[in-house]
Amino acid sequence: MKNLVCLLIYVLIFGLVVNPTNASGVDSIKVKALLVWGTDTEVPNAPNLKPLPKDLSEKLKMFKWKYYFQVCDPDYPSKELLITKDKAETITLSKKCEIQVKYIGDSTIEVKLFGEKKLVLIKKQALQEGAHLVLAGEDKNDTAWFVIIGRLK
Amino acid sequence: MKKTMNFKDQLKIQAWIDNELDEKESLAVKAMVESNSDAKKFAESLRKFNSLLTKNEPEYKFPISQSELWANIKKEINHPQPRVLQFYYSSLHWLESKLIPVAIAASLVIIGGAYLALKFTHNKSTVHLASEESAALNLGINVLSFYAPKQEMYVVWVDTNAY
């Protein structure tokens, strides 16, 4: 019994020292943000709209709109951002939409959503790799906007 | 307009809209919604939110009603099965004679095993899923949020037409 207890203690210490993955010790995370528009119109008349990647399009099918397009403003191209801990990064998605993302540790981000320069929402969310945070709302003519923040691997 | 509805009221309204209340409670909530403008707007907002999703949301139903569940629990507390008691007392006697070494060994095995399992499995199991949010309420915004596990999406729906 004594040997068994000693063996278990050794295994525990070994697990603490050799630590191949430690999510709580990550100092930065990589994210990508997109502005998406949901509509029932198949071919909208706007040059700044492009189809979504298939995986994202499939995920958005839970909502009622038939089609989803990424809003692409050449002045504000979408990009991946590496956000270090306790540092806020601003991502401008369009002339009217901006988010500020801050990594506060333990896989948690704090997102501030600004619409026309006004603060609309502050959201803290623990986000695992491959998951998305979606901030959304209705737009005119029964359409909807989606700000999709994905954590990249 | 000053809000008179509290968080408990909001939960009741949600349950009412999802048809989870019994007849008595349902009538009470209905009366509250009809007499309170904030409650009415909240209920409308929830109904509108429900309409935003397609019919793909899985429905989970408990096999028996709440009242039946609590009646069964009360019955077990007041009149436990004899064989349960017998097993309980014999286990207790065994544990008393071997309590200290068994408890230590079992605790170490469980803690060590759980710790190693968490460390070497996918990151998903180590992520803390709690979230906090606040909305700029001075803009009259209502916020509804949920997690869609199949899509791995945390959704926050901003309803600017609630108030």
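Predicted model: local features only at pLDDT ≥ 70, side-chain atom pairs only at ≥ 80, totals over all residues.

Me: Let's start with chain B. How many helices and strands does it have?
Reply: Chain B has five helices and three strands.

Me: And in what order do the elements run from the N terminus?
Reply: It goes α-α-α-α-α-β-β-β.

Me: OK, strands then. In which sense do β2 and β3 of chain B pair?
Reply: They're antiparallel, with seven bridges between them. Strand β2(B) covers residues 142-148 and β3(B) covers residues 153-159.

Me: Which residue of β3(B) is the bridge partner of B:L144?
Reply: That's B:W157.

Me: How much of chain B counts as buried?
Reply: 10% of its 163 residues. As for contacts in chain B between residues at least 6 apart in sequence, 38% join residues at least 24 apart.

Me: Switching to chain A. What's the average pLDDT there?
Reply: Chain A averages 84, and 83% of its residues score at least 70.

Me: Which elements of chain A have the lowest and highest mean pLDDT?
Reply: Helix α1(A), residues 2-17, is the lowest at 58. Strand β10(A), residues 143-152, is the highest at 94.

Me: Where does pLDDT stay under 50 in chain A?
Reply: Over residues 17-24 of chain A. The model has seven contacts beyond four places in sequence for that stretch.

Me: What should I make of coordinates where pLDDT is low?
Reply: Don't read them in detail.

Note on methods:
Residues numbered from 1 in each chain as written. Chains lettered and ligands numbered in written order. Pairing = 2+ DSSP bridges. Helix = DSSP H or I, 4+ residues; strand = E, 2+ residues; numbered from the N terminus. pLDDT = per-residue confidence, 0-100. Contact = placed C-beta atoms within 7 Å. Buried ≥ 20, exposed ≤ 12 C-beta atoms within 10 Å, placed from the backbone.
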